[in-house]
Amino acid sequence: MSISKLIAATLALALASAVPAMSAAAEPAKPKAEAKKKSSKSKESKAKAAAPKEADPEADEPDIAGTAVTDFHCELGNKVTVYQNATDDGHIALRWKKRLHRLTRVATTTGAQRFENKAFGLIWIGIPAKAMLLDSKQNRQLANECKNDEQNKPAPLPAPAAEAQAVPTATPATAPAAGHGVAATPQG
């Protein structure tokens, strides 16, 4: 590229960047009312950006003060802790992998206890024998065979019925004679 073409390109670039600045200076001054509207709008948008976001109960960590704590030991060494408030049976707090989640009760027809957190995709299902934690977003089990101390206790053996304990015994009058297998007859 020759020097004259380089100088011409530089001048064209300089003029292109100077034109918007010159047109802005050539515009008549805007009224003060319009300037105030723009500045108040920018202040409002800044205030909205600085305002704290609304609380999302499923995404935020729940408060666990004054709750009953139940530890569950699951297969593969996993642990889950459930916090339950006696006055709120519609929610639980669940600690999984160092994070506390708030789960909401979902009605079931089977009698199982089901709690969900749709924001994180967690599902906690509890039945009398065990509980499990599922990830609905990845369609997989996170923890299975979760049992608390009460569920880990061995089941008590059923007491035998009173009738089963009474064993009938043979009386000597009805017992067969030893060695023959035939009852002895009296001789006359």
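Me: Where do I start: which residues have the most contacts inside the largest nonpolar core?
Reply: The general idea is that in soluble globular proteins, nonpolar side chains tend to gather in buried groups. Here the largest nonpolar core has 16 residues, and V80, L94, W124 and L133 have the most contacts inside it. A nonpolar core is a set of buried Ala, Val, Leu, Ile, Met, Phe, Trp, Tyr and Cys residues joined through side-chain atoms within 4.5 Å; buried means under 20% relative accessible area, exposed over 50%, partly exposed in between (1.4 Å probe, protein chains only). Two or more core residues come from each of strand 2 (79-85), strand 3 (88-96), strand 6 (122-126), strand 7 (131-135) and strand 8 (140-146). Strands (E, at least two residues) are DSSP runs, numbered from the N terminus.

Me: Is this a predicted model, and how are residues numbered, or what should I know first?
Reply: This is a predicted model, where local features need pLDDT of at least 70, side-chain atom pairs count only at pLDDT 80 or more, and totals for chains, interfaces and linings use all residues. Residues are numbered from 1 along each chain as its sequence is written, and side-chain values use heavy atoms, with hydrogens and water left out.

Me: What does V80 touch?
Reply: Leaving out residues up to four places away in sequence, V80 touches T70, D71, F72, C74, L94, R95, W96, W124 and A143. Contact means heavy atoms within 4.5 Å.

Me: In what order do the strands of the sheet come?
Reply: Strands of a sheet pair through backbone hydrogen bonds, either parallel or antiparallel. In this model 8 strands form an open sheet in the order 1-2-3-4-5-6-7-8, with antiparallel pairing. Strand 1 (68-73) and strand 8 stand at the edges with a single partner strand each, so one side of each has no neighbour in the sheet. Two strands count as paired if DSSP finds at least two bridges between them.

Me: How many bridges join strand 5 to strand 6?
Reply: There are 5, and these strands run antiparallel. R114 has I125 in strand 6 as its bridge partner. The hairpin of the two has 4 residues between the strands, and G121 in the turn has a positive phi of about 75°.

Me: What is the volume of the largest pocket?
Reply: Rolling a probe the size of a water molecule over the atoms shows where empty space is left. The largest pocket has a volume of about 250 Å³. Of its 16 lining residues, F72, Q84, Q113, W124 and G126 are the closest to its centre. Strand 1 gives the most to the lining, with 3 residues.

Terms used:
On a 1 Å grid over the protein atoms alone, a cavity is a set of points where a 1.4 Å probe fits but cannot get out, and a pocket is an open set with protein on both sides within 12 Å along at least five of seven lines; lining residues have an atom within 4 Å of a point. Grid points are joined across faces, edges and corners, and a volume is the space filled by probe spheres set on the points.
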